[in-house]
Amino acid sequence: MNVSVVKEKGYLIKGLLVHSSSLAIRAALLIQRWYRQYVARLEMRRRCTWNIFQSIEYAGEQDQIKLYNFFGFLMDHFTPASSERNLISHIFRKNEICRDTEWERYFCYKSIEVSDSYIGPHLTFPMTFCGVSKLVEAFKHKQQLHARYVLQLLGETWRLLRILPNISHIAACHNKQITICGDLHGQLEDLLLIFYKNGLPSSEKPYVFNGDFVDRGKNSLEILLILFGFLLVYPNDVHLNRGNHEDHIVNLRYGFTKEVWGKYRVHGKTILKLLQKIFSWLPLATVIENKVLIMHGGISDTTDLNVIARVDRHKYVSALRPPKAPHHAANGSKTWTMTDRNGEAGGPVEGRRRVCSLTYRGSATAHRHELPRRSLNNAPLTSPLNWSVEEELKRRRRLAGFDQPYGELKKSDSDPESGEITDMDEWKQVIDLLWSDPMPQNGCIPNEVRGGGCYWGPDVTEEVLGRHNLQLLIRSHECKQDGYEFCHNRRVLTIFSASNYYEVGSNRGAYIRMGPDLVPHFIQYQASKTCRELTLRQSVGWTERSALRALREQLFVHKSDLISAFQEFDPNNKGMISLRHWASATERVLNLGLPWRVLRPQLISSTQDGMVDYHRTILIDGLFQISDNSILETMYKNHSNLETIFRIIDTDNSGLISFEEFRQTWKLLSSHLKTEISDKAIADLAESIDFNKDGSIDINEFMEAFRLVDISCSLPFHAQCKKSKGSLGIYTLKSIYRSWGEV
Amino acid sequence: MTENKQSGESIVPDLHKKIKAAFKSFDYESNNNVDVREIGTIIYSLGCFPTQADLHDIIAEVEEDHTGCIPLDKFLPAMTKVLLEHKFPPIPEDLLLQAFEVLDKQKKGYLEPEELTKHMTEEGELFTQEEMEEMLTALADHKNNYVYYKDLISQLTIDPDL
């Protein structure tokens, strides 16, 4: 054999082994190095995308709370005109004082007939294991349970829940493992996957479900019925903890109410009313072996399980309807002026901001205060490549809005003379359990990102766990990429069971199995075949595109505020500003805490010398055309709030509201937002929306018309069809134009 | 990347900003320390292509005495130097292609998963099983599981940040 040829080709011939294999080794090294770098960069991108979704999600939650704080304020301080009062009292219906027996009559299922044409499952009571399994199978096959059985099942559940304590206690049995699941959010696929992998609940297989069963996903009701079914069959072995979404007012915004109305047009109202009661009766926490504490949100520095064990938990129907505030808080009621920032002293960027909170009603000003970071493996923003540490601190100071530690705030809040002190204290204990998030720093401060509960630090964990002689705190409430995450020196564990929560491929779900040794073991999964087949790069890419689309929508809805903010940096009206100014203005308006300079290339192009043509920031457009553009923008911006209010008004779920109701809604919303909306503009709008000209407005059509098109990128068909949670989507309005006789 | 005299002077502060920002992303306790295991990701994300051996060297230089932590005040000067000297430049596409072709002895134009696995897990700076599985999921063709490296290279050497 020709030695030189062999040498060149590097074949494995004995004397030449060294040469060929060293070449292969060098090749391998190169490829390994390249690949590891690639993966690391993907990881940074993934973190960034995650933060986008999470910040938009939490901003939405805060939004809703602001709206309700506003209505509460109105009720306390004004006597609105009678028509408006009717509207508000819809929202703030005082808890009816009927006795439970009267309610039982109201919820009675007996008069509801099941026709012969019904092909869904038939349930018999008392519920049996066979009955629930049948139910699970039926839901797997996308059948719907008859309203009669729904009400019957819910009625039985309500009866059972009323005798359960606020805190369930479980003893760890020597041969049993306890399964603990986190948020499910209406994602039936995930629950079925858990049952498939882990087995159905039974006395041999106890389960704890840690809240947020409903909202966002489209099978919230099915999940509830399954969980309640198992609860009825195994009341000692199935434990449900209430989550912050087990709240009928939150449900108005996040999809559960809509889902029920959609599936049960006739009995939806009754079902929702019964669920309202059931939610308020859900237990608040579970303790295993007096060592492991499980609740949905978390704790605060004032958490006291003895107090919680004693409260009348069903008094706390909704986080958004607190007990009547003590009188002195009326002085501090500038709280709800989220939109008030223009009136603040101190300049726009450094300005103090008052922030809304469910539990804190006083006013306070910003202070040098380290703020907790939102968590993705406890990480805050990703690669904010050009931010300094000082800028980070400034941002946090702006967001903080409080200068007192959380515990002291509570003290200043309550009036020892007032008789309501106990109510507020108790209410705060409950809200903290359902809404709080952990933070890396010590201390305890109000959770102004969500608007309820607090952020608590590792010192609080130690103190509370120590005080109650506990060793581990398990909670949910926050989506985690791997389905679970430890923090606070492994004393706090977050478990999240809704996979692909933000988008296909965004995260895995997980559940815990725990034996008598109380050591948690994790099982992770990801529902949906589609995402398992996606490559790493595709799944990051897909999620990223989705996040960017959601971001562009945010830019659109805040268009005029953004342009004003940009113009502050462009006194000569050149239309161009620097990247740094663009980023700072965008953050000031949108307040999402995102690394705008990193995101910029995806949102707007820059010139060679680092300037941007800021008018081109908005790359998408709505197609709605009416005379008054400002009302249009308000509409887009407050899409979710509007929908919430509409659903409250439409009490008979006809899907229609009258012009007058529409007008009242606008008036209310405009005073909340402190914008002027003329009666004429509202009338124009109403008329333009009344597509069939019959004097009433179809809510669903109205909402559909709000979806926006992202013309800046072409998405695969299925990605376009997928409606992002809580955000605006797209639609062509040509048919609507035609009906108006225009275009 | 044009560098005139003026921007040359401002380069170091800019680099500092960049490095600090990447560092902060992993500074979970907000105490200017990161876990040593995250250093690789940080350095990669700043555009560098070190080998594992290179990483070990850097870590040895900056790690705080077996605490498993790396403080910012040590990392910053070391990393600035790395960036100024362009110490770990990106791998040119053609070199990467050659590397794959060396492994693809039969010149098929693709690598079978077993082939690639053997090389990645037995030679050089060995991949863990997890890394290998991830690589195959990411790069292999859906249907036949082959790694068509030529197509991949042009797709994947594009800066994913752009």
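What follows is a walk through a sheet in chain A, the helices around it, an annotated region and chain B.

A word on ground rules: this is a predicted model, where local features need pLDDT of at least 70, side-chain atom pairs count only at pLDDT 80 or more, and totals for chains, interfaces and linings use all residues. Residues are numbered from 1 along each chain as its sequence is written, chains are lettered from A and ligands numbered from 1 in the order in which they are written, and side-chain values use heavy atoms, with hydrogens and water left out.

Let's start with the sheet in chain A. It is open, has 5 strands in the order β4-β3-β2-β13-β14, and its pairing is mixed. (Strands here are DSSP runs of E of at least two residues, helices are runs of H or I of at least four, both numbered from the N terminus; two strands pair if DSSP finds at least two bridges between them.) At the edges stand β4 (238–240) and β14 (520–525) of chain A, each with a single partner strand, so one side of each has no neighbour in the sheet. From one strand to the next, the twist averages 20°; angles run from 0 to 180 degrees between N-to-C directions, and axes are lines fitted to C-alpha atoms, for helices over the stretch in contact.

Now look at β2 (residues 178–181) and β13 (residues 509–514) of chain A, which pair in the antiparallel sense over 4 bridges. Within that pairing, Ile180(A) has Ile512(A) of β13(A) as its bridge partner. Packed on the sheet is helix α7 (residues 188–198) of chain A, touching β2, β3 (207–209), β13 and β14 of chain A, with its direction at about 125° to that of β14(A). Contact means heavy atoms within 4.5 Å.

Helix α8 (residues 220–233) of chain A lies across β3 and β4 of chain A, at about 130° to β4(A). How do α8(A) and helix α10 (residues 256–263) of chain A cross? Their axes come within 9 Å, at roughly 90°. α8(A) and α10(A) are therefore roughly perpendicular to each other, a label for angles of 65 to 115 degrees (under 35 is roughly parallel, over 145 roughly antiparallel, the rest oblique). Among the residues making the contact are Leu221(A) and Leu224(A) of α8(A) and Phe256(A) and Val260(A) of α10(A).

Further along, the unreviewed UniProt entry annotates "domain: EF-hand" at residues 557–592, 637–672 and 677–712 of chain A. Residues 557–592 of chain A are 64% helix and 8% strand, with end C-alpha atoms 14 Å apart.

Finally, chain B has 9 helices and 2 strands, running α-α-β-α-α-β-α-α-α-α-α from the N terminus on.

How values were computed: UniProt positions renumbered as here; feature names shortened; annotations may be inferred.
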